[in-house]
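Colleague: I would like to go through the labels on this model. Tell me what stands behind each one.

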Amino acid sequence: MIMILSEYLKKEYGEKLYKIFLQSGCICPGRCAFCAHGGSSVSPDAALPLEEQYKQAVAAVSRKYRNGSYIAYFG
């Protein structure tokens, strides 16, 4: 059985987790759909510390999805 990541996370944590993109200086080799460059994510300022990027991204996402939980991924 193949499980989609969002389904796995919901099963593991008991609720939907919203993905938060953080700029770590890495290059996305596959140009995946989750990357902020043309994807659906909020694109944080890479000059900011990761903690500040996270806070800004959560603030932006929480305007659309209230009372959510989040999981960070790096690009």
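Modeller: This is a predicted model. Of the 75 residues in the protein, 24% are buried.

Colleague: What makes a residue count as buried?

Modeller: Its relative accessible area must be under 20%. Buried residues make up 24% of the protein by that cut-off.

Colleague: How many salt bridges does the structure hold?

Modeller: The count is 1. Lys55 pairs with Glu51.

Colleague: Why is the contact between Lys55 and Glu51 called a salt bridge?

Modeller: The closest N and O atoms of Lys55 and Glu51 are 3.7 Å apart. The cut-off is within 4 Å, for a side-chain nitrogen of Lys or Arg and a carboxyl oxygen of Asp or Glu. Therefore the pair qualifies.

Colleague: Where do Lys55 and Glu51 sit relative to each other?

Modeller: Both are in helix α2, residues 50-64. They are 4 residues apart, so about one helical turn separates them.

Colleague: Why is Glu51 called exposed, and Lys55 partly exposed?

Modeller: Exposed means over 50% relative accessible area. Glu51 has 56% relative accessibility, so Glu51 is exposed. Lys55 has 47%, which lies between 20% and 50%, so Lys55 is partly exposed.

Colleague: Which elements does the protein have, and in what order?

Modeller: There are 2 helices and 2 strands. From the N terminus on, they run α-β-α-β.

Colleague: What share of the contacts with a separation of 6 or more joins residues 24 or more positions apart?

Modeller: That share is 56%.

Colleague: And what is the accessible surface of the protein?

Modeller: About 5,600 Å². Carbon and sulfur atoms account for 56% of that surface.

Notes. Residues numbered from 1 in each chain as written. Predicted model: local features only at pLDDT ≥ 70, side-chain atom pairs only at ≥ 80, totals over all residues. Heavy atoms only, no water. Buried < 20%, exposed > 50% of the residue type's maximum accessible area, 1.4 Å probe, protein only. Contact = heavy atoms within 4.5 Å. Areas by Shrake-Rupley, 256 points an atom, 1.4 Å probe, with all protein chains shown as cover.
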